[in-house]
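I'll jot down what I look up as I go.

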Amino acid sequence: MLSTEAGAPRRPVITAWSAVSPFGLGRESFELGVSTGRTTAQRPDTGVWGVVADPVAHLVPDFEVRQVLGRAGTRGLDRATGLVVTAVRELLRHAPDIVDDSGLTTAVVLGTTAGSAQGYADVTRASLEGRRPQDVPPVALPNMAMNRAASASAIFHGLRGPNSTLAAGRVSGLLALEQGRRMLAQHRADRVVVGATEEYSQARSWLEHHRRRACDEAAALGEGSAVLLLERPDGIGAERTVLAEVLAVTSCVDADGDPVAVLRSCLSAVLDAAGASSADVWAAMPSSCGGTPETGEVRLLEDMFGTEAVSRPAIGSLIGDTSAAASVFQIAALLSTAQHAAVGDRGPDGDRLALVSAVDPDGAVACALLRLPSSGR
Amino acid sequence: MTSTGVSTNGRRRRVVVTGMGVLSSIGNGVGPFTDALRAGRVGTTDITRFDTREFPRRRGHQVADFEPGDWIHNLPLDEVGPAAAFAIAATRMAMSDAGLSTSELHKRRRGFIAVGTTDGGVPDLDGVVEAVLPGGLEDMPAVLARRVPASQLSVHLARELGLRNVEAVSIATACAAGNYAIGAGLDAVRSGEADYALVGGADVLCRKTLAGFTRLGLVAEEECRPFDAGRDGLLLGEGAGMLVLEDADSARARGARVYAEVMGYGLNCDAHHPVAPERGSVGRCMRLALDDAGITPEDVDLVSVHGTGTETNDITEAQAMHDVFDAKPPRVTAVKSMIGHTMGAASALGAVAAALAIHHGFVPPTANHRLTDPECALDCTPNRSVAANVRIAQNTALAFGGNNAVLVLGSPDGRRTPPAVRNPREEQLC
């Protein structure tokens, strides 16, 4: 049984979220896509993307940065950055008070794989093929650091608190959540935009193709950006309610080539930290990637939490493998699903526990335990 | 192994630096690095890590005498990209310097790893692009493709050391990443969530970055001259700086040598311009750091500055210091004059220099200095190091995108310098 008292949350809370996903722009299109279970796979148009490795991919429809964000300040903006700047714009529709304040205490923590691999590759190619090695497009140069997406989000939306970018593969979203939680605990910010972004591109297509083991090929790539608003439970903006309380986040490293064993200890630890047992978990969300880690990962979650808990949202097959953004999309899918779940499909006190796990082929492993209160909308 | 947001006993632990590892153009290992800083040695050479013959300016700072196989014992060498190899080597140096073996770290409850970087695996992405020319990306070499994700700098480090119960994260906040990583480690240990932290930064020279900075007109012709009236830009460098952080009580209990206490840090974002820093915001970040450390500007004896030697940065940084320090900024040192701008490693190496200044009682110089720019108006400790009682040092980092990070280090045996001791005339050249 869950030993922590239900009722007023004491830990950081998620009070808003949004996404730019293969379902389209904004939270509503994501919720609709998840609830209808519509797949978004399409054949990449080689006229747009060039020759790519993927027979199908999950692309954000009609996403052209300057059409979506307008022409001011967007010249040369890379796609990964455009996706998250748009996602934060959509998020702030649910939190207008943040836009109105000076933004001094609103932090941004974003996960990335390696910024815009396509952008870097283009500059390197221009340097190698140009008349002079410095003949690279100046408009691309602000994109040449991996913090471009987070800092551009701050510039576009006036968010002047701590602004961090981290890389932890498919675990990035959960470690961004952890870093955001720590920033709140240490009073370095009053609220944190936690998220991640991943673009589809020819460079990513071939990099992932060559990184993947043969058995991973079934998992098509996806792209998009998902963002959450994390706040202290006692400092929530007037217009918002608690959508989820972040009970605990854990992470480990698989140093022995046995990610499932590491995940098992990670899951035990996250339950211990929250004073919860596996029977309390209403939904468990494995990382969406294909391949061996996922096979073992799903089986482990089913063993621990039951097939019903694991079967709830199957987002990977809907939006593809979004790499660094995957675990934020998992949280978004949980929040979306919980909101639409039947009233009877709840724990005894009306609150539900939800678990997100993430396993990266390079060895990072993490999970998070959330409480979804019955009073949340 | 899990954090819940509740710190140990509800109190803040003091966090200290007990070991440091360095790769730089002026020396590998903290001993040679200390000697070179004291001597004001400058490590400039022609960049040869990649073909720079067509570049108009090709001076820079490279790490010499580095063999990945000397440091990587457990992972297959071809899985480890050059920046990850730097991080592993500098961390092994730092652990040895701290008197900690991997088996001793295995016994500890929980660890934290953060490696700051600007480019991460981009040197290998450069290699991918070069390998496929003039063709398309489909024929890229898989061994390089696998090494592109920036996460590997921290995760490979954990795997190489066999550290399982760690939070391992790469922090990609460009040229301020080292300070971000050290600050993240401070929070993890200070709150009791981790017993130790391995933190710092690593970057390797690459074509993409030299091409970009050359195009922006920011690369110096011969030398980097921070705050000099004749400065003409930065010189790119590569390197790594990794620090072992522990809580002060357990460091004392095991009799560890303590270089400095990590007193606090501050982070903020200009939210102003993609590449140009903003004076007011930089100053605010300094105040955030001093507040976190519980000190006032008068307590600061030394600032290890960002000091890139570029026109805009140096003026903005100096102005922000005049704002914060009430027009009387303390003495500064700009180590980029000696080791170049090592990107994600830069503020980690700046922090190492600051800790050495506190521990050994000297201020590293700003090399290559001829005439201070009146618009900067700082005592930059030109060309020769000086002996000085440094009790508290600030380490400043600014990054593209307005990502500011300021760290405060202090002497482990007392936090403030008595005013009587803070007399520059009693300091001697060394």
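**Where the chains meet**

I started with the chain-to-chain contact, which takes 74 residues from chain A and 68 residues from chain B. Two residues are in contact here if their C-beta atoms, placed from the backbone, lie within 7 Å. Before going on, I noted that this is a predicted model, where local features need pLDDT of at least 70, side-chain atom pairs count only at pLDDT 80 or more, and totals for chains, interfaces and linings use all residues. Residues are numbered from 1 along each chain as its sequence is written, while chains are lettered from A and ligands numbered from 1 in the order in which they are written.

Which element of chain A gives the most to the side that touches chain B? I found helix 6 there, with eight residues. (Helices are DSSP runs of H or I with at least four residues, strands are runs of E with at least two, and both are numbered from the N terminus.) By class, I get 39 nonpolar, 22 polar and 13 charged residues on that side of chain A. For the classes, Ala, Val, Leu, Ile, Met, Phe, Trp, Tyr, Cys and Pro count as nonpolar, Asp, Glu, Lys and Arg as charged, and the others, Gly among them, as polar.

**Helix on helix, strand on strand**

Next I looked at helix 6 (residues 117–129) of chain A against helix 8 (residues 207–215) of chain B: they pack at about 75 degrees, with axes 9 Å apart. The axes are lines fitted to C-alpha atoms, for helices over the stretch in contact, and angles run from 0 to 180 degrees between N-to-C directions. That makes the two helices roughly perpendicular (under 35 degrees is roughly parallel, over 145 roughly antiparallel, 65 to 115 roughly perpendicular, and the rest oblique). From helix 6 of chain A I listed A:Tyr120, A:Val123, A:Thr124 and A:Ser127, and from helix 8 of chain B, B:Arg207, B:Lys208, B:Ala211 and B:Gly212. That contact has three nonpolar, three polar and two charged residues.

Strands cross the chain boundary too: strand 6 of chain A and strand 6 (residues 166–171) of chain B pair antiparallel over two bridges. Two strands pair if DSSP finds at least two bridges between them. I found A:Ala167 opposite B:Ser170.

**Inside each chain**

Chain A splits into domain 1 (13–231) and domain 2 (244–372), with bounds from an automatic or database domain assignment. Their C-alpha centres are 22 Å apart, and 49 residues of domain 1 of chain A touch 42 of domain 2 of chain A. Helix 8 of chain A gives the most to the domain 1 side, with seven residues.

For chain B I noted domain 1 (16–253) and domain 2 (265–426), with C-alpha centres 21 Å apart. The contact takes 59 residues from domain 1 of chain B and 58 from domain 2 of chain B. Helix 7 (177–190) of chain B gives the most to the domain 1 side, with eight residues.

In chain A, three strands form an open, mixed sheet in the order 3-4-8. Strands 3 and 8 of chain A are at the edges with a single partner strand each, so one side of each has no neighbour in the sheet.

Last, I checked pLDDT, the predictor's confidence in each residue from 0 to 100. Chain A has a mean of 90, and 90% of its residues reach 70 or more. Over residues 1–5 of chain A, the pLDDT is below 50.
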